[in-house]
Amino acid sequence: MKHRIFRHNKIISALLLVFLLSGAFLSGCGRESVPYSESGFYFNTVITITVYRSKDARVLKDCLLLCDDYEKKLSRTLQGSDIYRLNHSGGVPVTVSEDTAYLLGQACKFAELSGGRIDPTVAPLMDLWNFTGQAADKNAQKKIPAAADIQALLPHINYKNIRIDGNTVTLTDPQTQVDLGFIAKGFIADRLKESLLEKGVESALINLGGNILAVGSKPDGSPFEIGVRKPFDTQNTALTTLSLSDRSLVSSGVYERYFEKDGKRYHHLLDPFTGYPVENGLLGVTILSSSSMEGDALSTTAFVLGPEEGMALIESLPDTEAVFITEDYKLHYSSGLSGKQSAQNP
């Protein structure tokens, strides 16, 4: 329990930047523009949903119930969830919810798009590396896995081992296990937005542990201003700010979960071909898109593909923009953002 509380407080601290920037407009507004928020601990992170009209506040608890429902379907560690049952099926077909089957299919599509460089069956490698906790305890009891142990897992890391037939899913290799961490929060954010829109909400901000999705704009019609955090900075310094209206912003980077050993940093974005953290000169990638699910998956995809191939992918996609942060802390914008955003000196 102490560990859960520690993670909760650390993540709240990391997210303050988002709300300070997006909430700055509130002073001087009338009562209808006062923000109403609900927070909870789901998907191993703190989530906060904020609406900006008093009559919309009643929908917030419904959003948390929706999060609870999705956690019971998609969590890898919660006993009885669809993913838990699938991972413990021993290769026997498992009937899952329509949402789970759909998301597994989407995860496989992005794995194919990346040429297998991201893979929803990387779960055993994640367990072996044990990237848990936050930066404050990044060096505590951490060990680099033995090369032999990594090599033993690699034959079982293959998204093609996932067979989907309607709502029936089979892992054709009994030792394969699934983790939807690179796409699930984006999918859930999209579902939350749909729910809010159906209930007439016109201005809201969904924050699923740093996955940001705007419903409309601020009450005055101007966009939300969201800061992209400087990697490893304990003061939550913004390297740049991005304008967000009815769009999603998702970041992936080496600073989210990592540890250091013998002067070398090891992070959680693993290459399924080698079993080791990706090394390509990037610190982070932020994606702006209409679909948070796509933005979630693309932030990881673009990162593992690297600066050149990753940016080329983003430029080939409609209604999608990106900011890449390289190891020298320089910002590299996709063509649709270049020259349009405010940046601070690292």
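I looked up W129 and found it buried, at 1% relative accessibility (buried is under 20% relative accessible area, exposed over 50%, partly exposed in between, with a 1.4 Å probe and protein chains only). Y276 is partly exposed, at 28%.

The model is predicted: local features need pLDDT of at least 70, side-chain atom pairs count only at pLDDT 80 or more, and totals for chains, interfaces and linings use all residues. Residues are numbered from 1 along each chain as its sequence is written, and side-chain values use heavy atoms, without hydrogens and water.

Next I checked ring pairs (Phe, Tyr and the six-membered ring of Trp, centres within 6.5 Å; planes under 30 degrees apart are stacked, over 60 edge-to-face, the rest tilted). I noted 12 aromatic pairs. W129 and Y276 are edge-to-face, because their ring centres are 5.8 Å apart and their planes stand at 75°. W129 is in helix α5 (123–129) and Y276 in the loop between β12 (264–267) and β13 (282–289), so the pair ties together parts 147 residues apart in sequence. Helices (H or I, at least four residues) and strands (E, at least two) are DSSP runs, numbered from the N terminus. One aromatic cluster holds W129, F131, F259, Y266 and Y276.

Then I looked at R265. Its charged end sits over the ring of F232, 4.0 Å from the centre (CZ of Arg or NZ of Lys within 6 Å of the ring centre and within 35 degrees of the ring normal). R265 also lies over the face of Y258, at 5.9 Å.

Last, I traced an open antiparallel sheet, β3-β5-β4 (strands pair if DSSP finds at least two bridges between them). Four bridges join β4 to β5.
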